[in-house]
Amino acid sequence: MTQRKLRLGAFIMATGHHIAAWRHPGSQIDSGINIDHYIEVAKTAERGLFDQVFVADSPGIRFAGEDESFSRQGRVSHFEPVTLWAALSAVTQHIGFVATASTTYEDPFMLARKFASLDHLSKGRAAWNVVTTSAENVHGNFGLNAHPEPALRYERAHEFVDVVKGLWDSFDDDAFVRDAASGIYFDTDKLHTLNHVGKFFKVKGPLNIERSPQGQPVIVQAGSSEAGKELAAATAEAIFTAWTSLAEAQAFYSDVKGRLAKYGRRPEELLVLPGISPVIGRTLEEAQAKWAELQRLIHPCVGLSTLAPFWPGENLQAWELDAPPPFYPEPPKGTNSRAHVVIELARRERFTVRQLYEYLAGARGHWVVVGTPQTIADQMQEWFERGAADGFNVMPPVLPQSLNEFVDLVVPELQRRGLFRTAYEGKTLRENLGLARPPSRYAKLAFGNAQEAPSAPVRSAGNLISEAAS
Ligand SMILES: Cc1cc2nc3c(=O)[nH]c(=O)nc-3n(C[C@H](O)[C@H](O)[C@H](O)COP(=O)(O)O)c2cc1C
């Protein structure tokens, strides 16, 4: 039997995940809008045989603060993910591209079209990170008076994903015959019009692009609330998550895997990928010195601003740095599942305000591991083998420097242990991740699975493009 292998994604935050990374000499200071930087990073990830690169996104500036920390934030200007990955697909061969797009603020037809295009452009390496948008302050960019409530956002997300998947199946895989001799370009019997009418959307279809190399781009999800886990269980093939202890990660892993059966899915159809932000040294002392150097670069007002999502409405800049933050009996109103984890951690560890923001500065509450290639590989192996992870989202603290270190030092260690590939197995992202290519919903229908039938698949008239007739 072949040994189960770790999946590795590189979670790319322009200059790096550490909040002060842009001030570090190992980072590319203008990386948010520097295509050469992203080319370098994607090629490094590919050299390290990573499955995918991923960028997070929000349709607007997240930290629209009025305090002095605003001008010190290094992440306000960056590329839109799908266009970025489209450019990078032309200069890489193997690496998968995970782009974040919001079900709260985007339009399903346009989104389906963009991601189908990306899958074609990259020859089967596209994935969509389905988010309902965590930023509370971008609704004004879309004519809304408020950020919709989480329950409504997730309800819309279910319908949104269903519409997008339906549109991706507009053409059967073999619809395009392109037969110059007969003059038939495609078979209209193999074109399906969605005719979706639901609570949030009315979308006719079909999509004006054929079924893509992966059948459908890979679906990723990144919410950990009850509603988030349910959306993942119903629709996702990978879930990104943030845990700092083995026990929490194990509980989450078995929880989400346990939800799949009710959707007729098997546990291996959803990959659980927690984040890990590795600070790597050839010795432990070297790694700790690197970590301390990064922490010294944090301006206190920027550190305080990282706590805003966890204590909404508080005047954080007035807080005493070396005292504990206020702990309330209940999680503050308006906070999400991540905030609860962070506040609980701060309470448990008896963190002061400064200690908490220094802790969060590394990777916003994801798991930060300071160590040698061997100790970092030990911890990844433990999570992988003890039911906490199918792989990891590697979150380099400084880019490009820390990704180079991971590829040069940690990847060989994982390979030596037989935990990670030594060559890409497949051509598409699905093949590398070990995920099946989904059959079209209409192909399923042909085999008599009436439950998969869309409301009214109808054949579009007059779409037979015949050179003879024109
Ligand atoms: C690794 C990771 C990446 C995420 N990326 C994004 C992102 O790009 N945009 C976004 O709006 N939310 C992002 N999120 C947040 C989640 O999608 C979700 O909004 C958040 O966890 C709150 O929802 P929940 O209460 O269901 O957990 C990310 C979360 C994780 C763990």
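## Notebook: a walk through the model

Helices and strands here are DSSP runs, numbered from the N terminus; a helix (H or I) needs at least four residues and a strand (E) at least two. I noted that this is a predicted model, where local features need pLDDT of at least 70 and side-chain atom pairs count only at pLDDT 80 or more, while totals for chains, interfaces and linings use all residues. Residue numbers start from 1 along each chain as its sequence is written.

I checked the bond into Pro-206. The peptide bond from Gly-205 to Pro-206 is cis, with omega near -5°. I found another cis bond between Leu-399 and Pro-400, with omega about 10°. Pro-400 sits in the loop between strand S13 (391-394) and helix H12 (401-416). I wrote a reminder: most peptide bonds are trans, and most residues other than glycine have a negative phi.

**Positive phi.** Thr-133 is not a glycine, yet its phi is about 75°. Thr-133 lies in the loop between strand S4 (126-131) and H4. Is Thr-133 buried or exposed? It counts as buried, because it has 22 C-beta neighbours inside 10 Å. The cut-offs are these: a residue is buried with 20 or more other C-beta atoms within 10 Å of its own, exposed with 12 or fewer, and partly exposed in between, with C-beta atoms placed from the backbone.

Arg-350 also has a positive phi, near 55°. I found Arg-350 in the loop between H9 and helix H10 (353-363). Arg-350 has 8 C-beta neighbours inside 10 Å, so it counts as exposed. Arg-364, which follows H10, has a positive phi near 55° as well.

**Helix H10.** I stayed with this helix. Eight of the 11 residues of H10 are buried, so it is largely enclosed by the rest of the structure. Among them are Val-353, Leu-356, Tyr-357 and Leu-360. What covers them? The cover includes S11, helix H7 (284-296), helix H8 (300-305), H9 and strand S12 (367-371).

**Strands around S13.** I turned to the pairing of strands (at least two bridges found by DSSP). Strand S1 (residues 7-11) runs parallel to S13, joined by four bridges. Leu-8 stands opposite Phe-392 in S13. Strand S11 (residues 271-280) also pairs with S13 in the parallel sense, over two bridges. Here Gly-275 stands opposite Asn-393.

I picked Leu-273 in strand S11. Leu-273 is buried, because 26 other C-beta atoms lie within 10 Å. Contact means C-beta atoms, placed from the backbone, within 7 Å. The C-alpha atoms of Leu-273 and Thr-241 are 6.3 Å apart, though 32 residues separate them along the chain.

**The core.** Which residues of the largest nonpolar core touch the most other members? They are Val-220 and Ile-239, out of 118 residues. Such a core is a set of buried Ala, Val, Leu, Ile, Met, Phe, Trp, Tyr and Cys residues joined through C-beta atoms within 7 Å. Helix H4 (residues 150-168) gives the most to this core, eight residues. Leaving aside neighbours within four places, Ile-239 contacts Gln-221, Ala-222, Ala-232, Val-256, Leu-270, Val-272 and Leu-273.

**The ligand.** I then looked around the ligand. There are 23 residues in its shell, and the closest are Ala-56, Gly-223, Ser-225, Gly-228 and Phe-240. To be near, a residue needs its C-beta atom, placed from the backbone, within 6 Å. Helix H5 (226-235), strand S10 (238-241) and helix H9 (337-349) each give two or more residues. Gly-228 is also one of the buried residues of H5. The cover over the buried part of H5 includes H4, S9, S10 and helix H6 (246-258).

**The whole protein.** I counted 14 helices and 13 strands. The radius of gyration (over C-alpha atoms) is 23 Å, and the globule rule (2.2 Å times the number of residues to the power 0.38) gives 23 Å for 470 residues, so the protein is as compact as a globular protein of that length. Of the 470 residues, 46% count as buried.

Key
Contact = placed C-beta atoms within 7 Å.
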